[in-house]
Amino acid sequence: MDIATWNINSLTVRLPQVLDWLAAHPVDVLALQELKLTDDKFPTTAFTEAGYHAQWFGQKTYNGVALISRTPATDVVKNIPGFTDDMSRVIGATIGGVRVICAYFPNGQEPGSDKFAYKMRWLDALREWVRGELARHPKLVLLGDYNITFDDLDVWDPVALAGTIHCTDEEREKLGGLTGLGLTDAFRLFEQPEKSYSWWDYREFAFRRNRGLRIDHILVSEALKPLVSACVIDRAPRKNERPSDHAPVVATLDIPAP
DNA sequence: ATGCCTCAGCTCCTGAGA
């Protein structure tokens, strides 16, 4: 089973690129973030024609998440149960016997801001919900745009960016709360190229200079960890015309494709 | 340099992203 995550920064703009990418990389599951469209605008037919099922949770202008899958998704959950939120950030479902949770973590803007406080509350709520999900579904993948780096390896200039958003101790402690549940960063299970990032600012030729951050992650449960045989960042779509600022991340699990 | 890109929307500017 191949499972991928990609923040596409507007599905309206990026749909042709998503379809091209799926044709070249026919993954079993693709988790999308930042759809930036309402549910009625979701391009269901395009995915059906490409041979995929879809579940989506949209919102006007901002946020919005979806799960694209070869086989139908069941037991779909939208946002974190019990956590009141007017933003569409989470969609979870069971696909091929694996519990898949796609999340667009809050940005947080700046440490000390209201948005940062919201990010911290959201992360606490996510952790407590995922704790229960893991108890119910030992085979679980939590993937998406985390908007948090694990450590300096994930940061192009760790000195200049120390303590700034995505790189604060507070955010990393919350990320540690998720790994503390028994979730593992699939990417670091393998030797990786130096300076591997999943996001680059649109400005200042950041991609060309490889000035980026690794903030898109695929975390796997203990039951799945021994079955992960690869995890890579696909930088190619970042070279497209009108690219997303994020690149897709793909993990291969040694379980039969559903 | 609170900007440099990019996207959505009450669109010729603003808010937000990361």
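This is a predicted model: local features need pLDDT of at least 70, side-chain atom pairs count only at pLDDT 80 or more; totals for chains, interfaces and linings use all residues.
Once its neighbours within four places in sequence are left aside, Leu 22 is in contact with Leu 30 and Ala 50. Gly 51, which is 29 residues away from Leu 22 along the chain, has its C-alpha atom 9.9 Å from that of Leu 22.

Ser 10 lies in the loop that runs between strand 1 (2–7) and helix 1. Its phi is near 90 degrees, a positive value in a residue that is not glycine. Most residues other than glycine have a negative phi. With 15 other C-beta atoms within 10 Å, Ser 10 is partly exposed.

Sorted by class, the surface near DNA strand B is made of nine polar, eight charged and five nonpolar residues.

Is Glu 34 buried or exposed? Glu 34 is buried, because 23 other C-beta atoms lie within 10 Å of its own and the cut-off for a buried residue is 20 or more.

## The largest nonpolar core

The largest nonpolar core has 71 residues, and those with the most contacts inside it are Ile 3, Leu 32, Val 100, Val 141, Leu 142 and Ile 218. Strand 7, which spans residues 98–104, gives the most to this core, with six residues. In soluble globular proteins, nonpolar side chains tend to be buried together.

Not counting residues up to four places away in sequence, Ile 3 touches Val 27, Asp 28, Val 29, Val 100, Val 141, Leu 143, Ile 218, Ala 251 and Leu 253.

## Packing of helix 3 against helix 4

Helix 3 (residues 114–136) and helix 4 (residues 169–179) pack with their axes 9 Å apart, at an angle of about 10 degrees. Helix 3 is therefore roughly parallel to helix 4, a description that applies to angles under 35 degrees.

On the side of helix 3, Met 120, Leu 123, Arg 127 and Val 130 take part in the contact, and they meet Glu 170, Lys 174, Gly 177 and Leu 178 of helix 4. By class, this contact has four nonpolar, three charged and one polar residue.

## Two further loop residues

Leu 189 has its place in the loop between strand 9 (184–185) and strand 10 (199–200), and it counts as partly exposed, with 16 C-beta neighbours inside 10 Å. Apart from neighbours within four places in sequence, Leu 189 is in contact with Thr 184, Val 228 and Cys 231. Lys 239, in turn, is 50 residues from Leu 189 in sequence and 26 Å from it in space, C-alpha to C-alpha.

Arg 242 is found in the loop between strand 13 (228–233) and strand 14 (249–253). Arg 242 counts as exposed because it has 10 C-beta neighbours inside 10 Å, and a residue with 12 or fewer is placed in that class. The C-alpha atoms of Arg 242 and Ala 206 are separated by 14 Å, the two residues being 36 residues apart along the chain.

Notes. Residues are numbered from 1 along each chain as its sequence is written. Chains are lettered from A and ligands numbered from 1 in the order in which they are written. Two residues are in contact if their C-beta atoms, placed from the backbone, lie within 7 Å. Ala, Val, Leu, Ile, Met, Phe, Trp, Tyr, Cys and Pro count as nonpolar, Asp, Glu, Lys and Arg as charged, and the others, Gly among them, as polar. Helices (H or I, at least four residues) and strands (E, at least two) are DSSP runs, numbered from the N terminus. A nonpolar core is a set of buried Ala, Val, Leu, Ile, Met, Phe, Trp, Tyr and Cys residues joined through C-beta atoms within 7 Å. Axes are lines fitted to C-alpha atoms, for helices over the stretch in contact, and angles run from 0 to 180 degrees between N-to-C directions. Angles under 35 degrees count as roughly parallel, over 145 as roughly antiparallel, 65 to 115 as roughly perpendicular and the rest as oblique.
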